[in-house]
Amino acid sequence: MRTDILTRVLPLLAASCLLGCKPVSSPVKHAALPAVQALRVHGASPQKAVFIGWYGAERSIPLAPTQAGRLTSVSVASGQYVHQGDVLASFEDRLLLEMEAQAQGEVDAARAEMNQAAATYKRSRGLDTIGGLSAGAVEERANSWHLAQGKYRSALAALTQARIQVAESRVRVPEDGWITSVTGVPGSLVGAGSEIIRLSAGAPEVHFKVPAPSSWSVGDRAEVGLPDGQDGQSVQAVIREIGAVDVTSQMQEVKLRLDHPLPVAINSLVTVILAAHDVSHAVRVPLTAVDSADQTHAHLWGLTDGQAPHLVLRRVRIVGLRGADALVEGLTDGEWIVTSTDGSFQQGQAVLVAGQAGER
């Protein structure tokens, strides 16, 4: 009986000892990999860019009176085309005309006095040699003639000044152009130098704004036309100036010089079509993927190929914007990149690709 019990218990004890002595294996710890969304990039196809601009002229000229006075009439309206020498506005000139008439009378009197003095002197010459007049008397008549000449010249100068003031009471067109604004009101008192009319003159041009940094440069060609729904042929143009970047709006003003004027009023809206900038090996990437160092230079994170992708820092150059994307140079066609940059990323860091965005 005892033998049977030992026969059953001993194997159980041995098994329990073996189980108790077996070492327990520790669980394997896997570090959590950062999850990223990847995107395969491709070369950006050339596209035309369309902007809305304002039709104008090369120069904007403020017109104002040179002397204070009461504005009596304005003979032009905004948008009107005018020619050099046309009278645009007139000021009260009654007092000026009276001053001109007075100056003219003084000129007439001075001329008569000068002619009389000249005749008297001519009759006196030689009389001193025959004893008819003393030498002193002849010299005195010569001085009277010279004095009369001086008075006549002074009267002429005063008449010229009076005529200038009368002429300045009318505002004239300095050169052909378009009236862009009329601020003077007939009947009002206007100070010297106060603008009453603004004129656009010179070669026709168009102003518009583009996002910075601009991928276009001075000399690039453009096509300007009327907005949809308006008839008219387009006009070829060339970029003559690109302004500085506005800090607030991050836009740049572009000025186009047109080959020919457009058949529209000044300050009309027009469409501007610019050919895509010819950029070699440019690809389109989301702006969220780009960490800009400045307006041109930036970097983003690429991915190595294989089952275990790692981060690769790629330095790129921004050459343009297209909506919510950037056009950059420095990436290979078909390369994988991370769609959103993160300040904690490190070169060579292993990541987990959680999803793939649509191709650009």
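1. Trp-145 is partly exposed in this predicted model. Its relative accessible area is 21%. Tyr-121 has 19% relative accessibility and counts as buried.

2. Tyr-121 and Trp-145 form a stacked aromatic pair. The centres are 5.6 Å apart, with 20 degrees between the planes. Tyr-121 sits in helix H2 (residues 94–124) and Trp-145 in helix H4 (residues 135–168), so the pair ties together parts 24 residues apart in sequence.

3. The count of aromatic pairs comes to five. One of them joins Tyr-81 and Trp-178: with centres 5.2 Å apart and planes at 70 degrees, this pair is edge-to-face. Tyr-81 belongs to strand E4 (residues 81–82) and Trp-178 to strand E7 (residues 177–182), so parts 97 residues apart in sequence are tied together. Tyr-81 is partly exposed at 40% relative accessible area. Trp-178 is buried at 16%.

4. Phe-51, Phe-208 and Trp-216 make up one aromatic cluster.

5. Now the sheets. Four strands form an open antiparallel sheet in the order E6-E5-E3-E8. E6 (170–172) and E8 (189–190) are the edge strands, each pairing on one side only. E5 (residues 87–91) pairs with E6 over three bridges. Ala-89 stands opposite Val-171 in E6.

6. Strand E17 (residues 311–322) pairs antiparallel with E16 (residues 297–303) over seven bridges. Here Arg-315 in E17 is the bridge partner of His-299. E17 also pairs antiparallel with E18 (residues 325–329), over five bridges. Arg-317 has Glu-329 in E18 as its bridge partner. Two residues lie between the strands of the E17 and E18 hairpin, where Gly-323 takes a positive phi near 65 degrees.

Conventions: Residues numbered from 1 in each chain as written. Predicted model: local features only at pLDDT ≥ 70, side-chain atom pairs only at ≥ 80, totals over all residues. Heavy atoms only, no water. Pairing = 2+ DSSP bridges. Phe/Tyr/Trp six-rings, centres within 6.5 Å; stacked < 30°, edge-to-face > 60°. Buried < 20%, exposed > 50% of the residue type's maximum accessible area, 1.4 Å probe, protein only.
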